[in-house]
Amino acid sequence: MVAFSNDPIPVDQLPRLRDDDFVAVDPRYLRGWLAGLALAAVVAVAVGSVVAAFVDQPLIPAAIAAVVLLGLAVAATLWVMELRRLGYQIREHDLSLRSGVIRHSVETLPFARVQHVNVTRGPVERLLGLATLDVSSAGPDITIPGLSEAEAARIKALVTERAGALEDDPHDDARDDACDDAHGDDPDVADDAS
Amino acid sequence: MIDLAVERRQSPLAVVFLALRTLRNIGLAQLAIIILFVVRGPFGGPLLVVPALLMLALGIVSAVAWWRYTFQLIDDELIVHKGILRDDRLTVPIDRIQSLAVEQELLHRITGLVKVQVDTAGSSDAEFTIDAIPRPVAEELERRAVTARVADAPAGDGVDEPAMSNTERTLVHHDTNRLLTAAVTASPLAGLVVLGPLLAALGQFGDDLPVDPPSVEADGVTWWWAPGAVLVALAFSVLLNLGRVFLQDWDLTLRAGPTSLRRTSGLLSRTSSASSIDRVQLVSTAQNPLQRQAGLRDVEVSTIGDGDLELVGLDDADVDEVRAAVGWGPERHLPLDRRVHPAEIWLATRNTTIVVGIAAGALGLVTGSGWAAVVLVVVPWKWWTTRRHVRNFRWSLTDALARTERVLSSATAQAAIHKANGVVVSQTIFERRRGLASVRLATAAGSIRIGMIPLGEAEAVRDVIVHAAETDRRPWM
C-alpha cells in the first residue's frame, strides 16, 4: 500500500482560513466602476433633460431619469459594499476568494486541483491597467476581477508553479497534450482565452 | 493476437453509421418536415432529382469520411486521423482514456460489429467515436486502455498483475423479475419522459395532422372524468416505463475489475460503459415510497467525464457491493448524526406564503372569484414537507461528506472529501442574521451541499475538507 495514514486530527488544530488575511483587489477597479456609473448618470440626466425639453409632459422623462438615477445610486452603493468584501487569499496549498454582498461566500480551491489559469484583459481593464484572473479546476472555477496586471501575472505564475509542483503524476504533461490535440479537433470548442 | 499498431480503417459499414449520424445531427423532426415537404410539396416529376442528388452527396461525403478515418496505437498513444477536407490528427495517450464504452446497436448486432466511444478528459469535450469495428479489435483496445491504467497506478497499490484486469467480478446482475419490479416501482411519471420528444415532434407538424382534435363538450363531462383520465395516464405511464426499462436495462450487469467498473445492459442495443474506480467522485441513491416497499433503490455513480453509471432497482446487498467496489463500507456504517437548523421551515413557509399570496391575489383580481384562494393550500403543504425534510435530514463528515434526506422519496449522496475540487462557505441574508451558513463540497462530477448549519461548523467542515484534499495523496481521478 501507499504510505497513507488517516489518524484523526482535532479540527481546532487544522489551519484556519482567517477572515483578516484576505487581500483586497486594486482600488482602481472600484474607481473604474464608479466612473462608469457616474457616466451613466450623466447620460441619463442629459437624455432626460433633452427629451423633457421636447415633449408636452416633461414630468414623465424626468421621472424615468429619476428612477434610473436611483437605480444607479443603489448599484454604486452595492459596488462599494461588494468591493469592501471582495478579496483573495493565497496560502501554501490553496487559493480562496471572498465575495458577495447579499449572499456572502468564501470559495476555496486547492492548487493540486487546478487545471488551468487564465488572465483576461477587456478593453476597459486595459485602459485602467487591470486584469481578471480565472482559475479553473475540473469542478468549480474561481474568478478574481480587478487585479493589477502585475499582480495577476504574479498570481498566475505562482498558481501554475504550485499546481505543477503538487502534481506527483509524471504523466501529467502528456494529459495536457491530449487535451490540446482533442480541442484542436473541434473548431466549435473555442479556446477559453477568448 | 491483434496488432493495433497497424493503421486501421473501420468496417465499410461505418459509411452507413456516418450517414445516419449526419442525418441525426440535422434533427429527426426537421427531417420529417423535409420529407413531408418533398412528398406533399412542389417537388414532383423532374424536381425529385434534387433530394436524390442530396442523398447521393450524403453517401459520397460519408464514404470519404470513412476512407479518411484511420486509427492506430503506437507507443501507447492512440492516434486517430480524420477529416474530409482538413487533416485532423488526434493523439490520446492511452492511460489518459477515462472511459471506453463498447456498444452494439441493432444494426451492429446483425453485422457482428461494435461501436467504441472514447472519453478522454472531464473538463473538455475531448471525445470521439469509432463507429463500426469488429468486436475483437474493440476488446483489444479496451484491454490496452485498462492495462495502461493499472500500470499507471502507484507502485504496490495492491494490484500486482495487469492480467488481473481480465478477472472481473459480477457485483450486480438483474434478472427479469427484478427488472419488472424495478420498472413498476419506478416513479409513476417516469415513463412519461418518453413522451417528451414524441410531443415535440407532434408539435412540429401538428398542422399536418388530418384529424381535428376532439373537442370536449362541457355537457359530456361527468364527475369521474378527471380521476379517470389521471388513472389512464398513470397506467399508460407505467406501461411506457416498463418498455423503457426493459429496452434500456435488460440484463443489467455491473462488473468490477481491480481498477474499473463496467456496466452493460440493453435489449435491442447493448450498451457497455466502463469507468476507472479512481474517477468515481460521487455516489447518490434515491428511493421513492413504492421502491421502499419493494426494498429497491436507484443508484448513480458519478464519475469524471461521461462514464456515469446509472443503476436501477438495487437491493441493499447490491448497494453494499457497489459501495465496497468504490472503497466504502456499508451505508449503515456512516454516522449520519448531524442535523440542520430548523430555521429553514420558517424561511420556506414565509417565502411560499409571500409568493402564493401574491399569486392568489392576482388570480382573484383577474377571475373575480373567491376560489382563487384555493392555491393557498400550497402553504401548509410547503410547511409540512419542509418540516419533514428538516426533521429527517442527517449529514456527517468522516473521510466522506454524506447527506441523507426524506420527505416522501428519500435520497442520499456521498463524496470522499479528499476528492474535493473546491469548497464554498456561503451565507444568505437570512442565514447571516441567525449565524448560520451553507457549505458546499464540489467534486469534478457533482457537489454536496449542507445548508443551515452554524457558521463555525461550516467553516470547520471547510477546513477539514481542504486539509484532506491537500494532504491526502490517494488518487482523486
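1. A quick definition before anything else: a residue is buried if 20 or more other C-beta atoms lie within 10 Å of its own, exposed if 12 or fewer, and partly exposed in between. Bear in mind too that this is a predicted model.

2. With that in hand, take B:Glu344, which sits in helix 11 (residues 343–367) of chain B. B:Glu344 has 19 C-beta neighbours inside 10 Å, so it counts as partly exposed. Setting aside residues up to four places away in sequence, B:Glu344 touches B:Thr386, B:Val390 and B:Met452. From B:Glu344 to B:Arg387 it is 43 residues in sequence, with 8.2 Å between their C-alpha atoms.

3. Now the helix pair. Helix 11 of chain B packs against helix 12 (residues 378–392) of chain B at an angle of about 160°, and their axes are 9 Å apart. Because of that angle, the two helices are roughly antiparallel. Their contact involves B:Glu344, B:Ala348 and B:Thr352, among others, from helix 11 of chain B, and residues including B:Trp383, B:Thr386 and B:Arg387 from helix 12 of chain B. Sorted by class, this contact has seven nonpolar, four polar and three charged residues. As for handedness, helix 11 of chain B passes helix 12 of chain B in a right-handed crossing.

4. On to the core. The largest nonpolar core has 113 residues, and among those touching the most other members are B:Val116, B:Leu401 and B:Ile465. Helix 14 (residues 455–471) of chain B gives the most to this core, with six residues.

5. Leaving out neighbours within four places in sequence, B:Leu401 is in contact with B:Ala415, B:Ile417, B:Leu441, B:Ile448 and B:Ile465.

Notes. Residues are numbered from 1 along each chain as its sequence is written. Chains are lettered from A and ligands numbered from 1 in the order in which they are written. This is a predicted model: local features need pLDDT of at least 70, side-chain atom pairs count only at pLDDT 80 or more; totals for chains, interfaces and linings use all residues. A nonpolar core is a set of buried Ala, Val, Leu, Ile, Met, Phe, Trp, Tyr and Cys residues joined through C-beta atoms within 7 Å. Helices (H or I, at least four residues) and strands (E, at least two) are DSSP runs, numbered from the N terminus. Two residues are in contact if their C-beta atoms, placed from the backbone, lie within 7 Å. Axes are lines fitted to C-alpha atoms, for helices over the stretch in contact, and angles run from 0 to 180 degrees between N-to-C directions. Angles under 35 degrees count as roughly parallel, over 145 as roughly antiparallel, 65 to 115 as roughly perpendicular and the rest as oblique. A crossing is left-handed if the near helix is turned anticlockwise from the far one by less than a right angle, and right-handed if clockwise. Ala, Val, Leu, Ile, Met, Phe, Trp, Tyr, Cys and Pro count as nonpolar, Asp, Glu, Lys and Arg as charged, and the others, Gly among them, as polar.
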